[in-house]
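Here's a quick briefing to read with the model open beside you. Take it topic by topic, and find each residue as you go.

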Amino acid sequence: WPLLAAAGNISAAQARQIMCRLTALGSAPSLQGYNLLLTTIARACRHNLGALSDAGLVLQSMEDAKIAVNCFTFNALFDVLAASAESPLSEVTVNDVFQMTKRMQDENVHADTVTLNSALSVFLSLARANPPRASAQDAHTQIRVFEDRMGVAPDVISYTKLLEIVAADAGNGLASLLDAHRILEQMQKKGITPSRISWNVVMSVVAHAAVFEPCAMTQADEVLEQMTDKGFAPDTFTIASYCTCARLTF
């Protein structure tokens, strides 16, 4: 099984072939082996070398072998969903995320913040699709489910991913800087300090919305001042978004 981890970018079919060969040699996969296989499939999907159906076959094999899933299994499954959703031909929807989350609850699988962030990555992939198949509202719903029903609180990575989804919405005229500020307020109420990445994403919200917002440069100046006041000097990502605002508004 360490060979599978070191195999690099192989196809999902090749990964399953390795599993079959190891099993034939008397090295049947454990729960850890199956989770590793799912992680390999997620990586394959990002390179168009796998599909969601490959993960389904692995899950069926786990059920046949009577191996119970755990948190790491679902983390990998959400990664597979996120990677699959990036394909233009993908049929992944928000309902797939909600159904997988419900399965975790039904099977009493303990979730953690990594699980939540993996699930939010699916919404981000869907929000960036053309046409978009998810929105920040969907992501908010997911966060509430994890908080209220699964006892998992979002962290700075969770909120930064949510801001990224808002940026995707902003590019479609469905969100604005006001929505980003609301998320920053939520973070403040929970005692979570926005990171440099968080602030750069806020600036990208302004850049994505610039084509719809005549006051985008004023907003960009405000965000620049706010993040500087928080101790974050602008970097190349900040400047790139700022220049995008200038290009789209002047």
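Let's start with a contact: Glu-63 and Arg-103 join their side chains in a salt bridge, at 3.6 Å from N to O. (A salt bridge here is a side-chain nitrogen of Lys or Arg within 4 Å of a carboxyl oxygen of Asp or Glu.) Glu-63 sits in helix H4 and Arg-103 in helix H6, so this pair ties together parts that are 40 residues apart in sequence.

Before going on, a word about what you're looking at. This is a predicted model, where local features need pLDDT of at least 70 and side-chain atom pairs count only at pLDDT 80 or more, while totals for chains, interfaces and linings use all residues. Residues are numbered from 1 along each chain as its sequence is written, and side-chain values use heavy atoms, with hydrogens and water left out.

**The overall build**

- The protein has 13 helices and zero strands. (Helices are DSSP runs of H or I with at least four residues, strands are runs of E with at least two, and both are numbered from the N terminus.)
- Its C-alpha atoms fill a box of roughly 65 × 35 × 30 Å, taken along the principal axes.
- Of the 250 residues in the protein, 46% are buried. (Buried means under 20% relative accessible area, exposed means over 50%, and partly exposed is in between, using a 1.4 Å probe and protein chains only.)

**Salt bridges**

- How many salt bridges does a search of the whole structure find? The search turns up eight.
- Back at our opening pair, Glu-63 is partly exposed at 44% relative accessibility, and Arg-103 is partly exposed too, at 26%.
- Another bridge links Arg-196 and Asp-235, whose side chains meet at 3.8 Å from N to O. Arg-196 is in helix H11 and Asp-235 is in the loop between H12 and helix H13 (236-249), so parts 39 residues apart in sequence get tied together.
- Arg-196 counts as partly exposed, with 30% relative accessibility.
- There's also a network: salt bridges that share partners join Glu-63, Arg-103 and Glu-107.
- Arg-16 forms a salt bridge with Asp-54, and their closest N and O atoms are 3.1 Å apart. Since Arg-16 is in helix H2 (residues 12-24) and Asp-54 in helix H4 (residues 52-64), the pair ties together parts that are 38 residues apart in sequence.
- Is Asp-54 buried or exposed? Asp-54 counts as buried, at 9% relative accessibility, whereas Arg-16 is partly exposed at 24%.

**An aromatic pair**

- A search of the whole structure finds one aromatic pair. The partners are Phe-98 and Phe-123, in a tilted arrangement with 5.7 Å centre to centre and 50° between the planes. (Rings of Phe, Tyr and Trp, using the six-membered ring of Trp, pair if their centres lie within 6.5 Å; planes under 30 degrees apart are stacked, over 60 edge-to-face, and the rest tilted.)
- Phe-98 belongs to helix H6 (residues 94-106) and Phe-123 to helix H7 (residues 113-127), so the pair ties together parts 25 residues apart in sequence.
- Phe-123 is buried, with 0% relative accessible area, while Phe-98 is partly exposed at 25%.

**Surface patches**

- Val-211, Phe-212 and Leu-248 make a nonpolar patch on the surface, with about 290 Å² of accessible area together. (Patch residues have over 30% relative accessible area and no salt bridge; like charges are joined within 9 Å, and nonpolar side chains (Val, Leu, Ile, Met, Phe, Trp, Tyr) within 5 Å. Accessible areas come from the Shrake-Rupley method with a 1.4 Å probe, and for residues only the protein chains shown count as cover.)
- You'll find Phe-212 in the loop between helix H11 (196-209) and helix H12 (216-229).

- Most residues other than glycine have a negative phi, and most peptide bonds are trans.
- The peptide bond from Asn-130 to Pro-131 is cis, with omega near 0°. Pro-131 is in the loop between H7 and helix H8 (136-150).
- Asn-48 isn't a glycine, yet its phi is positive, at about 55°. Asn-48 sits in the loop between helix H3 (31-46) and H4, and is exposed at 64% relative accessibility.
- Lys-66 also has a positive phi, near 55°. Lys-66 is in the loop between H4 and helix H5 (71-85), and counts as exposed with a relative accessible area of 75%.
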